[in-house]
Amino acid sequence: MNELKYSRRSILGATALGLVMTVAPATLSLAQDDEGPLVVFLLPENVTARWESQDKPFFIAAMEREYPGVRVRVENALNDPAKQLSQAEAALVSGAKVLVVTAIDQRGAAVIVEHARREGVPVIAYDRLIQEADLAYYVSVDGHTIGELQGTWLAENTEDGDRIVVINGSPTDDNAHLFEQGYMSVLQPMFDDGSRVLVESVWTPGWDPSKAQEQMEQILTRTDNGVDAVLSANDGMAGGIIAALDAQRLAGEVPVTGLDGTLSSLQLILQGKQSMTVWRSLNDQASKAAAIAAALLRGEEPDASLVEGAPMNNGRVDVPWAKVVPMVITTENMQLEIDDGAVTAEDLCKGMPEVGPCSA
Ligand code: BGC
């Protein structure tokens with residue numbers, strides 16, 4: 001019975017895509033059931049370490065756990081929204097049953113959701129919201145909270161009159177705006193009352209670390225190194241910013257924030273060059289997305305405990321939201337990331353000072 005239903009759905013999907021059916025339904029059904037259903041995970045870029053080094057392997061492993069026999073394909077659009085759209089279309093033509101999408105363009109990606117919907121394929125927005133689209137689920141951290149953690153840390157670790165540079169993420173990423181609202185909710189009142197000075201606030205297309213470095217170099221030149229702290233919206237950019245500071249022998253003197261808890265940012269923290277990062281378990285996040293995708297493949301509702309909080313409204317619908325919890329990471333609690341499998345102690349401590357999790 002299941003097989004029959006499956007083969008009918010396949011035929012419907014294929015016909016809707018305008019494909020000519022040359023295979024007898026029974027053969028098709030057998031072939032597809034043998035192979036297992038296809039889930040396609042669309043990643044946004046590879047200039048930020050987390051996507052390829054954590055989200056991808058964690059998601060594949062969790063999918064295999066949640067739905068043995070599933071086929072998982074992962075594509076990376078390298079910050080090109082048109083490429084992401086064609087990857088989504090190719091996934092639908094290949095018969096994907098669920099799309100998991102980390103959008104490059106929070107508005108443009110609505111077309112992906114629309115095309116998928118036409119084929120009866122649900123879309124899970126992974127990490128980044130897609131605006132004005134009929135999303136099935138959203139799996140992410142609360143971006144505003146991330147920004148608040150970064151802003152609060154910087155407020156507490158700077159002094160009266162300190163000059164702060166704000167380096168925001170990609171203007172087309174919904175998260176970049178949520179983070180900004182979060183840290184500005186803490187910092188803007190301080191800029192307004194004069195207790196901190198805003199040097200400049202700039203946005204960084206594609207979250208590109210080399211662009212962040214260039215922006216930081218230019219700001220240091222313009223201000224004659226008149227910078228006391230930097231709010232960097234993520235770790236990749238913090239790496240570029242710290243390189244710019246290093247060239248002026250300011251790395252370690254100027255506090256720099258981050259986000260993601262990547263291996264290289266943890267090492268910069270151990271070296272005293274980056275001050276903190278914000279981390280949420282991507283293992284947890286990818287596992288939640290996989291549990292939802294597996295339920296969708298079975299035609300079931302995901303476990304209610306996954307989406308028990310308030311939904312996220314995207315201007316079109318209230319999207320059920322599976323949340324993960326962010327926290328500040330410094331040398332003191334870095335061990336948490338080792339315990340979670342985000343990094344290994346061996347990789348982390350190679351050539352590092354013997355502090356925190358690397359103390360002998
Ligand atoms: C993610 C961050 C990531 C950034 C750049 C954001 O949407 O939430 O974790 O560092 O994109 O890829």
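Modeller: This is a predicted model. The chain is divided into domain 1, made of residues 2-141 + 281-324, and domain 2, made of 143-279 + 328-358. The part to look at is strand β4, which covers residues 123-126.

Start with the neighbours of this strand. On one hand there is strand β3 (residues 98-101), which pairs with β4 in the parallel sense over three bridges. One of the residue pairs here is V100 with its bridge partner I124 in β4. Between the two strands the chain passes through helix α5 (residues 110-118), and β3, α5 and β4 together make a right-handed β-α-β unit. Strand β4 also runs parallel to strand β5 (residues 137-141), and three bridges join them. Here Y126 has V139 in β5 as its bridge partner.

Next come the side chains. In a regular strand they alternate between the two faces of the sheet. In β4, V123 and A125 lie on one side, while I124 and Y126 lie on the other. All four are buried, so both faces of the strand are covered.

Last, the wider setting. The centres of the two domains, taken over C-alpha atoms, are 32 Å apart. Where the domains meet, 19 residues of domain 1 are in contact with 20 residues of domain 2. Between them they bury about 1600 Å², with 45% of this area on carbon and sulfur atoms. The interface holds one salt bridge by the rule used. R128 forms a salt bridge with D173, and their closest N and O atoms are 2.9 Å apart.

Terms used: Residues numbered from 1 in each chain as written. Predicted model: local features only at pLDDT ≥ 70, side-chain atom pairs only at ≥ 80, totals over all residues. Heavy atoms only, no water. Buried < 20%, exposed > 50% of the residue type's maximum accessible area, 1.4 Å probe, protein only. Pairing = 2+ DSSP bridges. Right-handed = clockwise from strand over helix to strand, strands pointing away. Domains from an automatic or database assignment. Contact = heavy atoms within 4.5 Å. Buried area = accessible area lost by both parts, 1.4 Å probe. Salt bridge = Lys/Arg side-chain N within 4 Å of Asp/Glu carboxyl O.
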